[in-house]
Amino acid sequence: MMNSNLDQRVMTAGVVGAVGLFGLFFYLMSRRQRKEYQHVATISKLFLHPVKSLAGFEVQEGHVTNRGFMSNGIYDRSFMVVDEDHRFVTAGFVPKMVLIQTGFSKDGKHLVLRANGQPDMNVSLDQEPKDPIHSKVLGVSVTGIDCGDDVAKWLSVILEGSYRLIYYSEQLPGKKMREKKHFGQFVKGDEVSLFQNHTQFTMLSEASVADLNTRLEEQVTVKNFRPTIYVKDCSAFAEDFWKYIKIGNDAELHFVCFCTRCRATTVSRETGTITSEEPLKTMKEYRQCYDFAEGRAGYASRAIFSVMLNTETVGVIRVGDPVYAVLQFQEHIQR
């Protein structure tokens, strides 16, 4: 009888010990996986650019979704201008695009395009899924809905060519970022964007723009870089070191890669012309990625300025929200 009780006590102690070990194991694993966030900045401005390469505008809040930034029911870069051969068009090659202003109608049912000397053009945000147009953005296939002849004629007059506007519908597949050469290796799983060049979001800091301006004769603004999220209360290029980013209570983003810059940054937002190589020339002097190992050839010798992000957890973000980050070490950036 005594041996039986002893055996039961030994067995019970063994079970308790095993449970304790499993508990410790899972606790340590959860600690390892937990993101250690620290406060790093504050949202200064949020920008929505409904049409790729046309002027965007500030919004006070929006949604972080699995297809990018959305405000007032419309996704960032959910419209795109294409030429008669359905090739995507950007301000780097058609600089006048930056002079076309975008906004919403009072009833919220139309995207409004405005340009000097032309009547406003209203484009329905409830496009029927017809007349799909297949195009590519930097080699990756995209599909959009043709927005009709009226807006096509309007754009063609202003841009002095033959152009059409296409629109992303949620019934269509998004752009599969993994298909992009060099870039795809940085993407998690089946992440998609719309008509952005690469990721769903770009983030830039006020301090980074200010630092660049100390090196330029003619000042630039955040509009030259068209980020989604503009932050303050951090040092210049601090955003380079944020691996995971949490904004407000729920929304989380993760770093994908740096944003390489092109001649679109040299377009004057006032005149719609390119009269200088700046700020691109100066950025190349001190903002290049020199470590081409481990698949970084996608950066080549291009200037990098701002970071490219994708959604980790959906949520709402607002101007004034605190920004938290999990830090990462970047040793390959020339500064």
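Colleague: What share of the contacts in the protein with a separation of 6 or more comes from residues 24 or more positions apart?

Modeller: The model is a predicted one, and the chain in it is divided into 4 helices and 21 strands. Among contacts with a separation of 6 or more, those between residues 24 or more positions apart account for 70%.

Colleague: What percentage of the 335 residues count as buried?

Modeller: The protein exposes about 17000 Å², of which carbon and sulfur atoms supply 51%. A residue is called buried when its relative accessible area is under 20%, and of the 335 residues the part that counts as buried is also given as a percentage, 51%.

Colleague: Which elements do the buried residues of α2 pack against?

Modeller: Helix α2 spans residues 149–159, and its buried residues are Val151, Ala152, Trp154, Leu155, Ser156, Ile158 and Leu159. In an α-helix there are 3.6 residues a turn, so residues three or four places apart point the same way. Just after α2, Glu160 takes a positive phi of about 60°. The buried residues of α2 pack against β6, β8 (110–114), β9 (121–124) and β12.

Colleague: Are Phe79 and Tyr167 buried or exposed?

Modeller: In the pair of Tyr75 and Tyr168, both residues are buried. For Phe79 and Tyr167 the same cut-off of under 20% relative accessible area applies, and both are buried.

Colleague: Which residues do ring pairs link into a cluster?

Modeller: Two rings count as a pair if their centres lie within 6.5 Å. By such ring pairs a cluster is built from Phe225, Phe237, Tyr286 and Phe305.

Colleague: What covers the buried residues of α3?

Modeller: Helix α3 takes in residues 206–213, and those of its residues that are buried are Ser208, Val209, Asp211, Leu212 and Asn213. What covers them includes β15 (201–205), β16 (229–232), α4 (280–286) and β19 (304–313).

Colleague: How many charged residues are in the lining of the second largest pocket?

Modeller: The second largest pocket holds about 450 Å³ of space. It is lined by 22 residues, and the closest to its centre are Glu218, Gln219, Val220, Asn224 and Glu278. By class the lining divides into 4 nonpolar residues, 11 polar ones and, as to the charged, 7.

Colleague: How many residues of the lining of the largest cavity are nonpolar?

Modeller: The count comes to 1 cavity of 30 Å³ or more, and the largest cavity has a volume of about 40 Å³. Its lining consists of Val142, Thr143, Tyr168, Pro173, Gly174, Lys175, Ser193, Leu194 and Phe195. By class, 3 of these lining residues are polar and 1 is charged, while the number that are nonpolar is 5.

Key
Residues are numbered from 1 along each chain as its sequence is written. This is a predicted model: local features need pLDDT of at least 70, side-chain atom pairs count only at pLDDT 80 or more; totals for chains, interfaces and linings use all residues. Side-chain values use heavy atoms; hydrogens and water are left out. Buried means under 20% relative accessible area, exposed over 50%, partly exposed in between (1.4 Å probe, protein chains only). Helices (H or I, at least four residues) and strands (E, at least two) are DSSP runs, numbered from the N terminus. Contact means heavy atoms within 4.5 Å. On a 1 Å grid over the protein atoms alone, a cavity is a set of points where a 1.4 Å probe fits but cannot get out, and a pocket is an open set with protein on both sides within 12 Å along at least five of seven lines; lining residues have an atom within 4 Å of a point. Grid points are joined across faces, edges and corners, and a volume is the space filled by probe spheres set on the points. Ala, Val, Leu, Ile, Met, Phe, Trp, Tyr, Cys and Pro count as nonpolar, Asp, Glu, Lys and Arg as charged, and the others, Gly among them, as polar. Accessible areas come from the Shrake-Rupley method with a 1.4 Å probe; for residues, only the protein chains shown count as cover. Rings of Phe, Tyr and Trp (its six-membered ring) pair if their centres lie within 6.5 Å; planes under 30 degrees apart count as stacked, over 60 as edge-to-face and the rest as tilted.
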